[in-house]
Amino acid sequence: MADLKPNPPKVDSSLRHLLHLPNACYQASGIVVNGRRIKSLVFTTDLAIIRNCDADAVFAVYPFTPQSAISHALINGSYIPVFCGCGGGTTKGLRTLSLAQDAEGQGAMGIVLNAPISDLNLLAVTKVVDIPVIITVVSEETDIAARLASGASILNVAAGPGTAALVRKIRRDFPEVPIIASGGNTEESIQATIAAGANAITFTPPSTAELFKSMMAKYRES
């Protein structure tokens, strides 16, 4: 007899209306980080969205100088694991080490470093924290072997429209490396990225302003 897996029971709140990530995200194999399987990561620092979505984890990377106050607020306010951006571009050197140590002490599940960081700086970060260090990859020119030799635990592929192709190339050369990748905003693009070899997907949610539009339209009609 076939091993049938029943659908899990669902228990919902009458007041909380979750932002659901695309179902395609859950076709990924996931990455098991310290015993927890991560298939989907919501790419946001909006705490309201973090508290009201069904992602497995938070990918807290933002286009400003990283600040411990921000990571502290996100980790404390989230009930799912948080991967914290700690620089790698404008912010680097000893400051990146300090931010990484602070994030670990606050309870981050992992550290995310941006593509420009040097291999030496990456290695230094991996030596001062005991949580996974994720390195962002934006180009096929990146020396993946050097990144892994410098201590990167996970690759985060973010190459825009070329993400799936870059994931496929990396997977061909490094069959076992854990890969997070941006999957776009459609079921089809996410499926393509997973088929290329991504283990987990980052999803950029609509803004709270966009989410509010339909609600406000209903309020106006009532």
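**Basis.** I worked from a predicted model, where local features need pLDDT of at least 70, side-chain atom pairs count only at pLDDT 80 or more, and totals for chains, interfaces and linings use all residues. Residues are numbered from 1 along each chain as its sequence is written, and side-chain values use heavy atoms, with hydrogens and water left out.

**Barrel.** I looked up the sheet and found a closed barrel of eight strands, β3-β4-β5-β6-β7-β8-β9-β10, with parallel pairing. Neighbouring strands of this sheet are turned by 25° against each other on average, direction ignored. Strands here are DSSP runs of E with at least two residues, and helices are runs of H or I with at least four, both numbered from the N terminus. Two strands pair if DSSP finds at least two bridges between them. For β9 (residues 179–182) and β10 (residues 200–203) I noted three bridges in the parallel sense. Ala 181 has Ile 201 as its bridge partner in β10.

**Thr 193.** I then turned to Thr 193, which lies in helix α7 (residues 187–196). Is Thr 193 buried or exposed? Thr 193 counts as buried because its relative accessibility is 3%; the cut-offs are under 20% relative accessible area for buried, over 50% for exposed and partly exposed in between, with a 1.4 Å probe and protein chains only. Leaving aside neighbours within four places in sequence, its contacts (heavy atoms within 4.5 Å) include Ala 181 and Ile 201. Thr 163, Ala 164 and Val 167 are also among them.

**Helix α2.** In α2 (residues 68–77) I listed Ser 71, Leu 74, Ile 75 and Gly 77 as buried. Their cover includes α1, β4 (57–60), β5 (82–85) and α3 (94–106).

**Pockets.** A pocket is an open set of points on a 1 Å grid over the protein atoms alone, where a 1.4 Å probe fits, with protein on both sides within 12 Å along at least five of seven lines; lining residues have an atom within 4 Å of a point. I read the volume of the largest pocket as about 440 Å³. Its lining has 13 residues, with His 17, Leu 19, Leu 211, Phe 212 and Met 215 nearest the centre. Helix α8 gives the most to this lining, six residues. The second largest pocket has a volume of about 370 Å³ and is lined by 24 residues. Nearest its centre are Val 61, Tyr 62, Pro 63, Gly 87 and Asn 114.

Key:
Points joined across faces, edges and corners; volume = space filled by probe spheres on them. Axes fitted to C-alpha atoms, helices over the stretch in contact; angles between N-to-C directions.
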